[in-house]
Amino acid sequence: MYQISLHWFTDLIKSWFNPDSPIPHPTEISPLTSDDYEALLVQITEGVAHGWQQAQLWERLDIRRHDPWFAAWLQRYGKTLLRQQPDQINREFAQRLIHLGVIGCGDLGETARGIGQRLLEASNRDRLQQVPSPPPVETFSSENPLELFDYGMELYRKGELEGALTLWQTALERQPTLYEARNACGVVLYSLGRGTEAIQAFDAILDQDAESITAWFNRGTVRLGQSDLAAAITDFNTALDLKPDLYHAYIARGNAYQRQQQWQLALADFEQAIALNANGYPAYNARGQVYSALERYDDALTSFSAALAIEPNCAEAYHNRGNVYYHLHQWETALEEFSQAILITPNFYQAYYSRGNLHLEQGKPNQAVADYREALNLRPDYLPAYNGRGLALSSLGQYTEAIADFNHVLNQNPQCWQAWANRGWAMYKAPEPLGPQVAIGNWQTALRELQSQAPPPPLAISTLYRYLGLACIQQAPQSADLQTVLKAAAQHYQAALDAIQDCPGLETHYLELLEQLIVIYARLGSSLHGKSHLNIALMILNQLLLNATTSAQKLQLMNRFQGLYQLKVDQLAQSTNPRHHAQALELAEERNSIRLQAYLDPKWDGQTGPTLTYPQIQRLLDTQTAIVYWHLSPASITVFLVVRHQPLLVITSNYEQRQALQHTWQQWQQHYEIVDSTTSDPTTAIADTPQAWRSHLTDVFPKLLNQLGIDPLLSRLPEAINRLILVPHKLLVALPIAALFGPPYCDRPLVVTQIPALQWAASLELTPELPTSPAESQPPLLTLDSPAGRLPHTELEVSAIAQFFQHLHLEHQATPPSRVLTQLQRPFNIFHCAGEGHLHLNEPLRSALQLVQDTTLNVSDLLKPTYSSPPLVCLSGTHVVGIGGSEQGESFLGLPAVFLSKGSSYVLVALWPVPEFSTPLLMWQFYAQLAQSIPPAQALGQVQDWLQTLTYAQIQELYADWQSKLTHISLRSQGDLEIAQRLVQERAERQGADRCPYEHPYYWAGFTMVGKVD
């Protein structure tokens, strides 16, 4: 997926003929209107038609020569032209566009040429219109070979390559030793796709002058383009022997080594190129590609960023950097990078392809299809885009169209195993006469075809066997003989492992297969096989970790193969030895703590520090407090119940229960809606949310009670326990599991809080007593609201809670991140942010609080060493984002863990936004409890119970009390409150004053306390 091209060679050729000029950054170029761009396009195409050459064209374009907005506009304009009827296409204008590209004006010219070619093709469907020859040039004759050479150079600059070649060949007939002309012939022949003749030209030079550095270098470049890598390296070696400081030769040889996967040699060449020319962006871009291949992603990002600092319009560097973010699962950032590459180079088909892959990974197949289609419009023979589009169409249920795409790939390249593999899944999902048996036949045919090669491609063979195993697993639930089907799956997986046994570079694929095979053995109840395979897998993983050169590599490996550690926890938890149960909990906590440490410590060096032992965990508790610790693996759910002075209780589930939870999670993803309220109209205060979302909320709690083992857990909880510390795992952090331990789902009075890892339970300080007197010299409360919109009642919420504590309020209109951080340096006891915030499930470092305009206070700001956090942080407007396409999750969602790590004892967050008047009411009652010295976790539980039973009559009394006390609020908030009063009165009259409008869990179940238990 990384962009490896010979564009640097094209740039080098141009540099022989054109002087360098500084290129402005895209942000320095203001875009024109569409009409102005159209007028400019007409001017330059007419100029070209009247004989303008490159110099005149550049003079007219001026800064627009580097304007990425112009090329992007032309791409859109071209689409409108292509929607014309073929007989309406202006062929003369199309030819002018093509000639604009022939003359050469960067990305603009390339875009114009592509549009012109497609217009001509559309105007004549009977034949593929070839690019027309440039207008005939004036005949030039001379007996002087130097004059012929010079005029040939002039034709070359005009883009008239054939004419230039003819003149240079004539010059060589008159003076065979004119090596400048022979070298130029070789360059043009290569540009025209006549590589063999180009090599012959350079051979002729070397026969006469064996020390021609240019000829050695150029011949090596042609051989590199022909994939004759060994011969290319030999030529570059000779060129470098003759001129050790030849910058471009190091880049060229490095590219050859890179394509041979000789990473260290390639890296050494790119480093040498950078040492010779610190301002040469191609070397930084190429070095980044090597780092990416080595999975040294931090180094890769640094290299690509260095290339962009030198050349801000380097679309390849944006594309390559986007691919790094793609591998790191930083989807939004990757999307921005791919889109920027397309903006700079609108005909960058590989960037469209990569963005399509990203959309497909995110579960957005329609957007993926659009990107793949655009890539194919730009490059109709680009087979990876057909394969990608086939996958996207298959996910949309368009199996016939998907299979057609895979067939197209296989017709062009029968050895493309990815198309064989993907076509099988489209057949598998398709209705009869296709289906599973046809898919299995497809994969078996592919195996026969590929195994006939000498040698067979290991990864291809392995993947096809794996898919046969997956097909067995897919059919297992419907099979009358589950054991037989699973045994067949295990055999296929073993064959997949054998295919890549001891294959260098495929160790991570081997580990993935081992993990999946271990899960199959767990389902079969074959503990001995599972244990032996798991031991092998952990040995390989530990060796990979030892070989990792950076902490980022180690973290990536640990994240990628966390399932192996989770399966080890399963193995220990399912043992009959109680000592193994304690080891299972210790291992689960160790892995959890390492991931937290790696994310929260920017200087994490990859080392694992000491973690809590089971005796230490028990000593965290008193006789009234227990810990409920969930652990999810690919094969099961394990629940640990820790009670002081009692044996560790372990509740384990089977694979089917784990799959049931997975299904619940998938339904949650489908129904999860961010209530995108773009109005502050208080008439929406108690309006119903979308019925599908509300119904799903009601349905999901009984499922979770069963799947998470809540009932058997509560039945074994000693009577003396009245406080619970919950430690959720993976996807559970995004679900309202704390609500399962309170009314109406649990009759037992329990104070509940969540914590990211038990290691923090030992370090949480006792919260200072919250001041209740407004006469304190230091206001105990810092408040922040947000612009009206998604959360329309934040100003009223802040005004309501300000009744209880003296406070300092930050207006959102003038609150940049720096000011919030400055204020947080003061000794506040509470920070209340009523504005919007994002808790990112799979990219926790993207979690942030929304501030003025488009600015945010993000995790990286909060992780600054000088920052400290107040004892209580209340984030009433947050919601979880990034839940699509994955169930991984982090055990802290970014913001809560950062605040805890900086000194907070309690962090109240919302898992989804509630843009209703219920939120100001809930927060008002919460602070009323705090003012009475009720600890935060206990206060939240009581307030959630209170909100469920709050009647219309009581709400009317509260609003009347607010109306009399909140005299300082803005006219807007006063109006909101008056409208809310009338609305409540009207609904009370219609539905009854005793009706409880907020009993539905939508209004209260998403508010979660993270931190210490009271």
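Partly exposed denotes a relative accessible area between the buried limit of under 20% and the exposed limit of over 50%. The legends below describe close-up views of a predicted model.

**View A. Salt bridge between Glu-197 and Arg-194.** The closest N and O atoms of Glu-197 and Arg-194 are 2.9 Å apart, and the two residues form a salt bridge. Glu-197 has a relative accessibility of 34% and therefore counts as partly exposed. Arg-194 is likewise partly exposed, because its relative accessibility is 27%.

**View B. Salt bridge between Arg-96 and Glu-92 in helix H5.** A salt bridge joins Arg-96 to Glu-92, with 2.9 Å between the closest N and O atoms. Both residues lie in helix H5 (residues 91-103); they are 4 residues apart, so about one helical turn separates them. Glu-92 is partly exposed, its relative accessible area being 47%.

**View C. Salt bridge between Asp-235 and Arg-219, linking helices H12 and H11.** Asp-235 and Arg-219 form a salt bridge in which the closest N and O atoms are 2.9 Å apart. This pair links distant parts of the chain, with Asp-235 in helix H12 (residues 229-242) and Arg-219 in helix H11 (residues 213-225), 16 residues apart. Asp-235 counts as buried because its relative accessibility is 0%. Arg-219, with a relative accessible area of 12%, is also buried.

**View D. Network of Asp-203, Arg-219, Arg-223 and Asp-235****.** Salt bridges with shared partners connect these four residues, Asp-203, Arg-219, Arg-223 and Asp-235, into one network. For the model as a whole, the count comes to 21 salt bridges.

Terms used:
Residues are numbered from 1 along each chain as its sequence is written. This is a predicted model: local features need pLDDT of at least 70, side-chain atom pairs count only at pLDDT 80 or more; totals for chains, interfaces and linings use all residues. Side-chain values use heavy atoms; hydrogens and water are left out. A salt bridge is a side-chain nitrogen of Lys or Arg within 4 Å of a carboxyl oxygen of Asp or Glu. Helices (H or I, at least four residues) and strands (E, at least two) are DSSP runs, numbered from the N terminus. Buried means under 20% relative accessible area, exposed over 50%, partly exposed in between (1.4 Å probe, protein chains only).
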